[in-house]
Amino acid sequence: MVKVLISDKLSPKAADIFRNRGIEVDTKVGLSPEELISIIGEYDGLAIRSATKVTPEVLEAATNLKVVGRAGIGVDNVNIDAASGKGVVVMNTPHGNSITTAEHAIAMMFAAARQIPEANASTQAGKWEKSRFMGSELNAKTLGVIGCGNIGAIVVDRAQGLKMKVIAFDPFLSPERANDLGVEKVELDALLARADFITLHVPLTDQTRGIINAEAIAKTKKGVRIINCARGGLVVEADLKVALESGHVAGAASDVFEVEPAKDSVLFGVPNFVATPHLGASTAEAQENVALQVAEQLSDYLLTGA
Ligand code: MLT
């Protein structure tokens with residue numbers, strides 16, 4: 001009988017799908033790397049979110065493994081080279097949490113524009129600092145979207161609803177698609193120079209690592225606000241800290257960090273910096289979508305090879 005291990009917290013509906021399709025399923029969340037290595041040999045499929053690290057050592061021990069399914073988008077926690085070398089297919093669910101992540105980016109943009117977290121803390125501390133929190137409207141501002149794939153395109157749509165002017169940098173964005181989205185396609189330097197708000201929606205690759213560094217920030221408008229709900233490492237945290245402290249960057253919001261879990265960051269405590277703990281996909285709707293999608297995809301692959 002085909003056997004699947006769910007090793008991260010997924011909606012229980014994923015296990016139901018496997019069972020309904022005649023697949024034996026075990027759910028074991030919170031395994032240590034050694035524990036995972038000791039049992040992975042029993043399984044044909046592995047369903048994960050971001051906590052399980054599928055390392056070369058895990059893959060070496062995975063003698064029956066045919067497929068890894070990531071309930072979510074980024075497969076940074078899977079060693080793709082090692083998986084390919086062993087003939088293990090790696091799948092993700094590229095659409096299941098796109099709306100949720102895009103909505104989080106918009107929420108973070110509002111939070112940074114109106115200093116909502118700091119105003120909340122101050123108000124609940126009984127300070128009533130009405131004159132301290134002067135914000136910025138989003139209306140008629142230019143939003144620079146770096147990366148116009150599934151999530152970036154939804155951000156574009158929502159920002160247009162807020163009456164922002166949207167420009168986008170994405171080497172893979174065709175002129176036709178840009179036209180359909182109603183965005184102006186620009187080069188990175190033009191985006192940096194023109195944007196009032198910048199939001200990142202690209203994966204972390206050798207090309208994108210540190211795309212927002214001191215040199216890039218120097219090309220931005222004074223007063224720019226920067227939102228990162230994509231991946232830590234796209235923004236050089238030490239450079240952003242300097243720019244926030246000097247006031248060149250008026251506000252920044254990050255859901256992702258160079259090191260996660262981010263128990264500490266140079267950005268913590270910097271004025272006008274808003275942080276959330278990688279909540280981009282954390283809605284009930286998105287988690288159900290990605291769990292159902294990954295279970296269907298893994299079942300299809302294991303049962304039919306499709
Ligand atoms: C993703 O890659 O799907 C998101 O970053 C969400 C997550 O990792 O939980």
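Tutor: The buried residues of α12 are Ala 286, Gln 287, Asn 289, Val 290, Ala 291, Gln 293, Val 294, Ala 295, Gln 297, Leu 298, Ser 299 and Leu 302; buried denotes 20 or more other C-beta atoms within 10 Å of the residue's own, with 12 or fewer counting as exposed, values in between as partly exposed, and C-beta atoms placed from the backbone. The model is predicted: local features need pLDDT of at least 70 and side-chain atom pairs pLDDT 80 or more, whereas totals for chains, interfaces and linings use all residues. Numbering starts from 1 along each chain as its sequence is written.

Helices (H or I, at least four residues) and strands (E, at least two) are DSSP runs numbered from the N terminus. Helix α12 comprises the 21 residues 284-304 and reaches 30 Å from first to last C-alpha, close to the 30 Å expected at 1.5 Å a residue, the expected span being 1.5 Å times one less than the number of residues. After α12 comes Gly 305, with a positive phi near 75°.

The cover over its buried residues includes β1 (3-6), α1 (12-20), β3 (45-48), β4 (67-70), β5 (89-92) and α5 (98-114); contact requires C-beta atoms, placed from the backbone, within 7 Å. α12 lies across β1, β3, β4 and β5, at about 165° to β4. Axes are lines fitted to C-alpha atoms, for helices over the stretch in contact, and angles run from 0 to 180 degrees between N-to-C directions.

The open sheet has five strands in the order β2-β1-β3-β4-β5, with parallel pairing, where pairing needs at least two DSSP bridges. Its edge strands, β2 (24-27) and β5, each pair on one side only. β4 and β5 pair over four bridges, and Gly 69 stands opposite Met 91 in β5.

How values were computed: Contact = placed C-beta atoms within 7 Å.
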